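Work through the exercises below with the model open. Try each task before you read its solution.

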Amino acid sequence: MTTLDVKKPRAKRGLRALEPLAWVGPAIVLIVLVVLWPVVEMIRSSFLEISRLGVVRGSAGFANYEKLFAEKDFADVMVRSVIWVIAVVALTVLISLALAQLFNQRFPGRKLARWALIAPWAASVLMTAIIFKWMLDPEVGVINQIRLKLGLIDAMGGAAADQLGDASTAMPWLVFVAVFVSVPFTTYALLAGLATIPADVYEAARMDGAGRLRTYWSITLPLLRPALTVAALINVMNVFNSFPIIWAMTHGQPGYSTATSTILMYILKGSDIGESAAMSVVNFGMVIVLTVIFLKVSRWNKEVA
């Protein structure tokens, strides 16, 4: 056997080893261009002095971060962002668990109810936020008209009260709208999880005399944990980075009293791109921290006993 004959099988094996790149290569290129490159540019921009017109004037060192951390509303905005995420995700998961359990049962009109649940998810988030803003208009909003009919005007601040004009009333409405648009996806994710639970597990529980509450707590929730973890994690990332709802309804006003870190980042972009980039890096870090904490608390990698 010649040296050439030995090299041919090796060359073929080498080509076979490279075949998967033909399939995963485009995905890798897409990830690099759409995810990694923007992150690198974001971090690089946070250390540059950039004019409002986008002209790079040179290195800024840590000046953008120092300016950001010196903002008097920075701490309040970051705390509010965490509270915003916890409130929206917790309410979304609790409501979705109840709806998923309901829609997993057989009842007249179940298919229609399931289709109706898709509506808030299918609609544009920005459009939904604008509609709720119109509904909350202090003069002609339908919610104000309902308050008038029910005699709740005085109890809720009078006829001219602007529900979105004060943080104490605006934040609950913002949370409500965020939950409203998040529930459909979460419910369907949990429904998919419920569909994977074998029926014989419930049959065995009934034979052991377990009641509904005990069965749900000891069987349904543990077996639903993978779907619940994925749905909640996606919600954590989406809600933290949420922009359309708050911007369309309050612009983060009055002051920064309804602003989250994403809104602050957008506002800063109009005056200092470098500082806005620094806020983006902080946001990115916060998402990673919240994700790690969530995965740690949820014990996602622990097998169900």
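**Exercise 1.** Which residues make the nonpolar surface patch of about 1,200 Å²?

Solution. The patch is made by L21, W23, V24, I28, V29, L30, I31, V32, L33, V34, V35 and L36. Patch residues have over 30% relative accessible area and no salt bridge, and nonpolar side chains (Val, Leu, Ile, Met, Phe, Trp, Tyr) are joined within 5 Å. A salt bridge is a side-chain nitrogen of Lys or Arg within 4 Å of a carboxyl oxygen of Asp or Glu. Areas follow the Shrake-Rupley method with a 1.4 Å probe.

The model is predicted: local features need pLDDT of at least 70, and side-chain atom pairs need 80 or more, while totals for chains, interfaces and linings use all residues. Residues are numbered from 1 along each chain, and side-chain values use heavy atoms, without hydrogens and water.

**Exercise 2.** Is I28 buried, partly exposed or exposed?

Solution. Helices are DSSP runs (H or I, at least four residues). Next, take its relative accessibility, 44%. Buried means under 20%, exposed over 50%, partly exposed in between. So I28 counts as partly exposed.

**Exercise 3.** How are the rings of F132 and F176 arranged?

Solution. Rings of Phe, Tyr and Trp (its six-membered ring) pair if their centres lie within 6.5 Å; planes under 30 degrees apart are stacked, over 60 edge-to-face, the rest tilted. The count comes to 13 aromatic pairs. F132 and F176 lie 5.7 Å centre to centre, with 75 degrees between the planes: edge-to-face. F132 is in helix α5 and F176 in helix α7, so the pair ties together parts 44 residues apart in sequence. F132 is buried at 10%.

Technical notes:
Patches are made of residues with over 30% relative accessible area and no salt bridge: like charges are joined within 9 Å, nonpolar side chains (Val, Leu, Ile, Met, Phe, Trp, Tyr) within 5 Å. Buried means under 20% relative accessible area, exposed over 50%, partly exposed in between (1.4 Å probe, protein chains only). Helices (H or I, at least four residues) and strands (E, at least two) are DSSP runs, numbered from the N terminus.
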